[in-house]
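Subject: Structure for you to look at

Hello,

Here is the structure I said I would pass on. Please open it first, then read my notes below.

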Amino acid sequence: EMKKNGTMPEVSAAASFRSGAANINTWILFLQYACCFGVELTMNNAAASYFKSKFELTTESAAAIASIFGWMNLFARGVGGFVSDKANARMGMRGRLIWQTGLLVVEGILVFVFSNSNS
């Protein structure tokens, strides 16, 4: 409807892609997502064997506990996106980047804490 009214100009897909690829915020968000998703994949792949060897669990028990991490990610993604949208509405892209960077740092710290736990 906005295109029909003339309030939104016609933009080609290539021009839209170039504009997004030239924006520094796109690259910051890309790097944050790559780090976050990389940690998630690593944890999902290594958690069961870690639990089995570190806490002497059966394979089934270790896999069941490790699967909790994946289920938690489903919830955390939705909540994180919601709060990121709220930060963006309040402070613009700067608020979104601050929120996501802060949580990425907290995630890294908690991975170190988790890896050094004994119980």
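In helix H5, Gly 95, Arg 96 and Leu 97 are buried, where buried means under 20% relative accessible area, exposed over 50%, and partly exposed in between, with a 1.4 Å probe and protein chains only. The buried residues of H5 pack against helix H3 (24-55) and helix H4 (59-91). H5 itself covers residues 93-115, which is 23 residues. From its first C-alpha to its last it reaches 33 Å, close to the 33 Å expected at 1.5 Å a residue; the expected span is 1.5 Å times one less than the number of residues.

This is a predicted model, in which local features need pLDDT of at least 70, side-chain atom pairs count only at pLDDT 80 or more, and totals for chains, interfaces and linings use all residues. Residues are numbered from 1 along each chain as its sequence is written, and side-chain values use heavy atoms, leaving out hydrogens and water.

Now the chain as a whole. It has five helices and zero strands, in the order α-α-α-α-α along the sequence. Helices (H or I, at least four residues) and strands (E, at least two) are DSSP runs, numbered from the N terminus. The radius of gyration is 20 Å, well over the 14 Å that the globule rule gives for 119 residues, so the chain is more spread out than a compact globule. That radius is taken over C-alpha atoms, and the rule is 2.2 Å times the number of residues to the power 0.38. Along its principal axes, the C-alpha trace spans about 65 × 25 × 25 Å. Buried residues make up 11% of the 119 residues.

Glu 40 is found in helix H3 and is buried, with a relative accessible area of 13%.

Is Glu 56 buried or exposed? It counts as exposed, at 72% relative accessibility. Glu 56 sits in the loop between H3 and H4, and its phi is near 50 degrees, a positive value in a residue other than glycine. Most residues other than glycine have a negative phi.

Regards

Notes
Contact means heavy atoms within 4.5 Å.
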